Amino acid sequence: MSDTEIQRLTITKPDDWHLHLRDGEMLEGVIRYSARDFSRAIIMPNLVPPVVTTDDASAYRERIMASLPAGMEFSPLMTLYLTEDTDPADVEKGAESGLVTALKLYPAGATTNSQSGVRDFDKVQGVLEKMAETGLPLCVHGEVTDPSVDIFDREAVFIDRVLDPLRQRNPQLRVVMEHVTTRQGVEYARAGGDNLGATITTHHLIINRNAILAGGIRPHYYCLPVAKREEHRLALREAATSGDATFFLGTDSAPHTDPLKEQACGCAGIFTSINTMSCLAHVFEEEGALDQLEAFASLNGPVFYRMKANPEMMTLVKRDKPVGFPDRIQTGAGPVTVFDPMFPLCWEVAR
Ligand code: NCD
Ligand code: ZN
């Protein structure tokens, strides 16, 4: 590794508006990487069993804080997993106490641990009305689960069949389209007004579907929503680097152990929390938009979530040679492969 610094960028410390920390030994193995580079993160509730009630979220938050290495600071922003049995009164209690920052909607069967998700939207209308009233955002995994819809079309079809009708029925509801992966997602988010935001992941700015399928099947690039064609990656890059406040960072860092990824039916999820800021600096520089990195990673998210930007700053330094990241990290749950962007990373967070 070289010490020669060729560029430096200081931004407000980022937040991660979509993160899977898991539980137990995996949580203990990964939390330090999020806490190092992000002040806050929206914590996904798709544990087994899911985080459904305010009491579940409170207990999970305590486990997260107990796993945080001594001396590190980090604020987990808790979410509840919306089910057809979610009680509007419990949601109100969670929101009022400040413990619950958002609810997460998984259409049943759409992704990892989404079996308890929503099938019949009429059954959650009462909760949605309560959320619209209190301003609590709904984070949406936007893919239909209809087996007759091609997996590469599931986001675009979800917008037409589910998201748009849901927003028309609840115009005051504040919605985040999580991990948008298509040009259609970008266009719908951009046109949606102040009540609609969208997160974009690190990896969807970098890979298209060739990374998963061309020249051999590469399970460590498989995630949901699955990466799409190049034209969609370009639309995401344009959105993320545009400065448009609709779009903000949600890494969707989703660790699974290597044996669970590398099997006949491998799990969806890419672990990126460790090198996201290096990857993003590279992407934004490539797009001639380093001056927009702060908006995307640190400013637009807090505006949508009606929070203050972090008072701390982060400095990124570009070296004249690649900086080192491990190929995989070791956790008590097993090894976890680190996202390989397939280009050398020369940016690093100054520590
Ligand atoms: C996530 C996971 O593993 O929990 N996987 C993924 O590919 N992103 C679930 C999700 O966010 O869809
Ligand atoms: Zn996710």
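In α10, Thr276, Met277, Ser278, Cys279, Leu280, Ala281, His282, Val283 and Phe284 are buried. Buried means under 20% relative accessible area, exposed over 50%, and partly exposed in between, with a 1.4 Å probe and protein chains only. The model is predicted: local features need pLDDT of at least 70, side-chain atom pairs count only at pLDDT 80 or more, and totals for chains, interfaces and linings use all residues. Residues are numbered from 1 along each chain as its sequence is written, chains are lettered from A and ligands numbered from 1 in the order in which they are written, and side-chain values use heavy atoms, with hydrogens and water left out.

**Helix α10**

- Because 9 of the 11 residues of α10 are buried, the helix is largely enclosed by the rest of the structure.
- Helices (H or I, at least four residues) and strands (E, at least two) are DSSP runs, numbered from the N terminus.
- Serine 278 sits in α10, which covers residues 276–286.
- The relative accessible area of serine 278 is 3%, so this residue is buried.
- Beyond its neighbours within four places in sequence, serine 278 is in contact with Phe325, Leu345, Trp347 and Glu348. Contact means heavy atoms within 4.5 Å.
- Glycine 288 follows α10 and has a positive phi, near 65°.

**Zinc site**

- His18 (NE2), His20 (NE2) and Asp252 (OD) coordinate the zinc ion (ligand 2), at 2.0 to 2.1 Å.
- Donors are N, O and S atoms within 2.8 Å of the metal (3.2 Å for Na, K and Ca); water is not among the atoms, so sites may look incomplete.
- The arrangement is irregular because the 4 donor atoms around the zinc ion (ligand 2) subtend angles of 92 to 138°.
- Four donors count as tetrahedral if all angles lie between 85 and 135 degrees; four count as square planar and six as octahedral if opposite donors are over 155 degrees apart and all others between 65 and 115; anything else is irregular.
- The sequence spacing of the donor residues of the zinc ion (ligand 2) is H-x1-H-x231-D.
- Distant parts of the chain are linked here: histidine 20 is in the loop between β2 (16–19) and α1 (24–37), and aspartate 252 is in the loop between β9 (247–249) and α9 (258–261), 232 residues apart.
- Histidine 20 and aspartate 252 are both buried.

**Ligand 1**

- There are 15 residues around ligand 1, and Asn46, Thr111, Leu224, Asp252 and His256 come nearest. Being near takes a heavy atom within 4 Å.
- A side-chain N or O atom of histidine 20 is 3.0 Å from an oxygen atom of ligand 1.
- A polar backbone atom of alanine 268 is 3.0 Å from an oxygen atom of ligand 1.
- For glycine 269, a backbone N or O atom lies 3.1 Å from an oxygen atom of ligand 1.
- Ligand 1 exposes 310 Å² when taken alone, and the protein buries 100% of that.

**Threonine 251**

- Threonine 251 lies in the loop between β9 and α9.
- Its relative accessibility is 0%, so threonine 251 counts as buried.
- The side chains of threonine 251 and aspartate 16 are joined by a polar contact of 2.5 Å. A polar contact is a pair of N or O atoms within 3.5 Å; within protein, one must be able to donate a hydrogen and the other to accept it, and residues adjacent in sequence count only if both atoms are side-chain atoms.
- A polar side-chain atom of threonine 251 lies 3.0 Å from the backbone nitrogen of serine 253.

Technical notes. Areas by Shrake-Rupley, 256 points an atom, 1.4 Å probe, with all protein chains shown as cover.
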